[in-house]
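Please keep the sequence and the structure at hand while reading.

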Amino acid sequence: MKKLIYFLLLSASVVMLSGCSSETNEPEEQNYVSTTVRASAYFSEVGSTEQLNTIYVGRTYSVNFSPFCNADTETLKLINGSVEEVAYFLDTPYIGNECIGVSTTQPFTIQYTPQKPGQCKLSTTFTISPNDHNQWVEVESIVEVINPE
C-alpha cells in the first residue's frame, strides 16, 4: 500500500514538473506467494528419516533438516530450493552450543556422533535464497543423549 501511495505521489510530481505526459514508467508488480515456513533439525538412524528423541553416546546418527509449513502442495514446491546452506548446532550441558556440521547440498543431512550425555538442544541456522519471499522460523529440537547400557 505504501508503494502505491509513493508511486502516485511521485507520478503526480513528475506530471507537474514535466507538463502533461501520457507516458508512465510504472514498475512491474511482483507476483509471488509467501508463507511462514518452520524449519527444524532432528536426529535419525543413518539411512532413515524417522525422528529420534533419544540417542546414544558413541553411536553415529544422521542429522536432518526439515522445513515444514501449513500449506498446500503447490506452496511446498515454492519453498523447495530456497535453502542454500544449513549449519547444525548442539547445545550440550557443560560444553555449550557448538557447531556440529554444515551442509550445502540437499537434503542437507550430516553425520554426527555424540560424545557427552545430557539433555541437548539441536538447532540450525540456514542461508535462504535472496529470491525467497517466505518468512522462515527456526525451531529447536530437544534430544536426550544417554550412555549406552
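Arg-59 forms a salt bridge with Glu-45, with the closest N and O atoms 2.8 Å apart; the term is used here for a side-chain nitrogen of Lys or Arg within 4 Å of a carboxyl oxygen of Asp or Glu. The pair links distant parts of the chain, since Arg-59 sits in the loop between strand 2 and strand 3 (61-68) while Glu-45 sits in the loop between strand 1 (36-44) and strand 2, 14 residues apart. Strands, like helices, are DSSP runs numbered from the N terminus (E, at least two residues, for strands; H or I, at least four, for helices). A search of the whole structure finds one salt bridge.

The model is a predicted one, in which local features need pLDDT of at least 70 and side-chain atom pairs count only at pLDDT 80 or more, whereas totals for chains, interfaces and linings use all residues. Residues are numbered from 1 along each chain as its sequence is written, and side-chain values use heavy atoms, with hydrogens and water left out. The chain averages a pLDDT of 78, and 68% of the residues score at least 70, pLDDT being the predictor's confidence in each residue, from 0 to 100. Over residues 1-22 the pLDDT stays under 50, and for this stretch the model has four contacts beyond four places in sequence, a contact meaning heavy atoms within 4.5 Å.

Five strands form an open sheet of mixed pairing, in the order 2-9-7-4-5, where two strands pair if DSSP finds at least two bridges between them. Strand 2 (54-56) and strand 5 (96-103) stand at the edges with a single partner strand each, so one side of each is left without a neighbour in the sheet. On average, neighbouring strands of this sheet are turned by 35 degrees against each other, direction ignored. Strand 4 (residues 83-92) and strand 5 run antiparallel and are joined by seven bridges, and Ala-87 stands opposite Val-102 in strand 5. Tyr-88 also belongs to strand 4, and the C-alpha atoms of Tyr-88 and Val-63 are 8.1 Å apart in space although the two are 25 residues apart in sequence.

The table collects relative accessible areas, with buried meaning under 20%, exposed over 50% and partly exposed in between (1.4 Å probe, protein chains only).

| Residue | Relative accessible area | Class |
|---|---|---|
| Arg-59 | 38% | partly exposed |
| Glu-45 | 29% | partly exposed |
| Tyr-88 | 0% | buried |
| Phe-65 | 9% | buried |
| Phe-126 | 18% | buried |
| Pro-117 | 39% | partly exposed |

A search of the whole structure finds five aromatic pairs, counted where ring centres of Phe, Tyr and Trp (its six-membered ring) lie within 6.5 Å, with planes under 30 degrees apart called stacked, over 60 edge-to-face and the rest tilted. In one of them the rings of Phe-65 and Phe-126 have their centres 5.5 Å apart and their planes at 55 degrees, so the pair is tilted. Phe-65 lies in strand 3 and Phe-126 in strand 7 (residues 118-128), so the pair ties together parts that are 61 residues apart in sequence. Phe-65, Phe-108, Phe-126 and Trp-136 form one aromatic cluster.

Pro-117 lies in the loop between strand 6 (110-112) and strand 7. Leaving aside residues up to four places away in sequence, Pro-117 touches Val-57, Val-145, Ile-146 and Asn-147. Pro-117 and Ile-55 are 62 residues apart in sequence, with their C-alpha atoms 9.1 Å apart in space.

Technical notes. Axes fitted to C-alpha atoms, helices over the stretch in contact; angles between N-to-C directions.
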